[in-house]
Amino acid sequence: MSEDTSPETTGAYHWIGKNVTKPDALEKALGATEYVGDMVVPGMLHAKILWAGAPHGVIRNIDTKDAARVPGVAAVLTASDVPGTNRYGLAVPDQRALADDKVRSAGDALALVAAEDEEAAEEAVAKIKVDLEPLRPILTYEDALDPMAPAIHEGGNVFQHTTVRKGDLEKGIEESDVIVENAYHTHRMDHVPMEPEAGLAYVDPSGVLNILVGTQYPYRDRRQIAPALDLAMNKVRVIQAPIGGGFGRKDDITAEIHVGLLALKTRRPVRLVYTREESLIANTKRHPMAMNFRTGARKDGLLTFLDGDIYGDTGAGVSLGAYVIKKAGIHATGPYDVPNIRVDTYTLYTNNLVSGAMRGFGVMQAAVAHESQMDQLAHRLGMSPLEFRIKNCLKPGLASSTGQLMNEGCGIEATLQRIKDYMSAHDLRFNRPHA
Amino acid sequence: MRQRYALRVNGETRETEAEPHESLLDVLRENLRLTGSKKGCNEAECGSCTVLLNGRPVVSCLVLVPDAVGRDIVTIEALAGDGTPHPVQRQMVEQGGVQCGYCTPGMIMSAYALLQENPHPTDEEIRFAISGNICRCTGYGKIVKAVRAAAEEVGRAAS
C-alpha cells in the first residue's frame, strides 16, 4: 500500500479552523506603524498638485512664473519637464503624469510644486495661471456613443466591444412564457481607503530613484514609472510601505510618478500626501454601468434566455476598465444556468474620473441587474425567489455562459439550500408575497 | 503669527511653536512626531485622529491648539506606555479587529474612553462608542468582539 500523502494526513491543513493573528497587527494597534504620510526624512520637501478642475479642454498655456517666486519653493513642474514618455496606464498608456495637449478629466494633474513646507507649496499652486480652451465635455453614455462627439483619445470614445454568445437566442425567446425587460444604472463609487494616497521619493547615492508608497503592486508600478520618467528599469526601486486600505484603488499608479519626478528634479527627498478631497477627485473609482437586460423563463421555472447590453464608463483612462467591463458581461447571467445568451459590452471613454479595479471587479454591477431580474421573474411566475434560484443555479456538470464546466467546487446550490433551511428553522419569510 | 504653547501630552508637558489656527492633530503629528493619530479626512468624519481631551474622546483635527492648552491630552502612544499593550490593543490583535490598521488607533482610543467610563458596556453601547470611527476593512463585527473581550478582561482583573 502506498504512503498516504493527502493534505489531511501530512498536516498541510494545519492552520484551517484556527485563529491566526496578523504579524503586523500589534504594531498597528500600538500606533507604531509608519504609513508614508507619517514618515519624515532629513531635507524632505513637501509636494502639492494643481488639478485641472475642468473636464475637457485644450491647454493653451500654463504660467508658473509667480509660483516659482514664492519663498521656499524648490520646483514648479509641468508636462514639458517630464523627461520620459509622460504616459502610464495598467492596460494601455493613455494617462499622462502631467496633462500636456489636453485636459481629459477634472482629476488630471496639470502641475507639481515642491517646497520647504506644505503652506508654501499650497501658495505656489494657487499662483499658477492656466489658460484652457474648453471642449465639449463627454459625460454620459449617450455622449460617448455619439459619432459627432469629439474623441477624447486618438481612436474614438468606444475603447472596446466584447460579446458573449451561447445557444440560440430566438429559440430561447420562443420558449419563454414570461419575459422581463429593465434598464439598470449603477453609480460611480470611491473606495475611500482610510489612508489617502501618499508617496515619498529620494534618489540614493548610486543614482537609483527610490519610491516609498502604499501600493498593491510594486513591480507593475515600476514598469509604468521607468518609461514615464525615462529611467532604466533597474534605476527605479518601488518600496511597499504599509497600505492603509486599497480595495483595488492602489493597483494603479497614484503618487509614484509625481514624487519620483520631483525628487529627480530637486535631488532632494520629496513627500506627497493627498488630502481626502484630492483622493476623492483623483485616481480610480468603481465603474458606473448602464445595463439593459431582457430575461425569459418557462412556466415550470426554468430560465430560457438573456438578451443584454452593458455600457461601462471608464472615464478619461482605461486603467483596468476593459477587463472590468468585459467581466461584467461574462458574469451577466450570474451563478445561473441560462441556455441562450446574447450579451454585448462597451468600454467607453468619457471626461469623467478614471475608473479601475474595485472589489468585485465588474461582477457586482452585473449582480444588480441579474438578481433584480431573478426576483421579478420569480414574482411573475408566482414562485418563491429562493426556489426559483435553487432550480436555476449552476450545478456540477452544467456550463457557465462562456462554457466553463462546473465541478464539485460549485457551491451555490448548497449555499441556497442552507438559506432555505435557516429560513424554515427560524420561520422567516420574504417581504413580498409570492404565489 | 507663531506662538509658543505648552501642551500636557501623555502626562508630560511639551513645549511647541504653532500658528493659533493649527489643529491639535497637526501639532501632535508634525511638531511632536506622535504619528499614531492618523489623518483620514481632516474634517471630523472618519475618527482616525481620535485622542482623549480630559478623558473624553475628541477628533483632534477639529481642536485648535490654543483650545488644548491646560487640558490633559492622551494619544494612542500612551496606552502601552509601560511596555504592556492595553487589553483593548491586545484584543484587537487577537480577535482580528486590525486589518489595514489606519483606523485602528482612533478606534482603540474611542473604545478605551468607553471602558474608562463604562467598564461593562453592552454591544449596543460599544457600537455607539465607536460610531464616529469609520473602518473600511473589517465590517466592525470583530472590533465589537474585541472591545467586548477587553471589557471582560478588565473586569476580571478588577475583581
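Analyst: Let us begin with a pair of residues: B:L53 stands opposite B:R56 in β4(B). The model is a predicted one.

User: What makes β3 and β4 of chain B paired strands?

Analyst: Two strands pair if DSSP finds at least two bridges between them. Four bridges join strand β3 (residues 50–53) of chain B to β4(B), and the two run antiparallel.

User: What lies across β3 and β4 of chain B?

Analyst: Helix α4 (residues 104–117) of chain B does, running at about 35 degrees to β3(B).

User: How do you know that β1(B) pairs with β2(B), and what is found in their hairpin?

Analyst: Strand β1 (residues 3–9) of chain B and β2(B) are joined by seven bridges in the antiparallel sense, against a requirement of at least two. One of the bridges places B:Q3 with its partner B:A18 in β2(B). The hairpin has two residues between the strands, and B:N10 takes a positive phi near 50 degrees there.

User: What makes β1(B) and β5(B) a pair?

Analyst: Two bridges join β1(B) to strand β5 (residues 72–74) of chain B, and these strands run parallel. The cut-off is at least two bridges, so the pair qualifies. In β5(B), B:I73 is the bridge partner of B:V9.

User: Why are β2 and β4 of chain B said to stand at the edges of the sheet?

Analyst: The open sheet consists of five strands in the order β2-β1-β5-β3-β4 (chain B), with mixed pairing. β2 and β4 (56–59) of chain B each have a single partner strand, so one side of each is left without a neighbour in the sheet. From one strand to the next, the twist averages 45 degrees.

User: Why is B:R14 called partly exposed?

Analyst: B:R14 has 16 C-beta neighbours inside 10 Å. A residue is buried at 20 or more and exposed at 12 or fewer; the value for B:R14 falls in between, so B:R14 counts as partly exposed. B:R14 is placed in strand β2 (residues 12–18) of chain B.

User: Which residues does B:R14 touch, leaving aside those up to four places away in sequence?

Analyst: They are B:L7, B:V9 and B:L32.

User: Turning to chain A, what puts the buried residues of α12(A) on the same side?

Analyst: In helix α12 (residues 385–392) of chain A, the buried residues are A:F388, A:R389 and A:N392. They cover an arc of only 95 degrees around the axis, which means that they lie on the same side of α12(A). Their cover includes β16 (303–315), α11 (363–381) and α13 (412–425) of chain A.

User: How many residues does each chain bring to the contact, and of what classes are those of chain A?

Analyst: Chain A brings 25 residues and chain B brings 27 residues. Helix α2 (residues 25–29) of chain A supplies the largest share of the side of chain A, four residues. By class, that side has twelve nonpolar, seven polar and six charged residues.

User: What confidence values accompany the prediction?

Analyst: The predictor gives the complex an ipTM of 0.97 and a pTM of 0.94. Chain B averages a pLDDT of 96, and 99% of its residues score at least 70.

Definitions and conventions: Residues numbered from 1 in each chain as written. Chains lettered and ligands numbered in written order. Predicted model: local features only at pLDDT ≥ 70, side-chain atom pairs only at ≥ 80, totals over all residues. Contact = placed C-beta atoms within 7 Å. Nonpolar A, V, L, I, M, F, W, Y, C, P; charged D, E, K, R; others polar. Arc of directions from axis to C-beta. pLDDT = per-residue confidence, 0-100. Axes fitted to C-alpha atoms, helices over the stretch in contact; angles between N-to-C directions.
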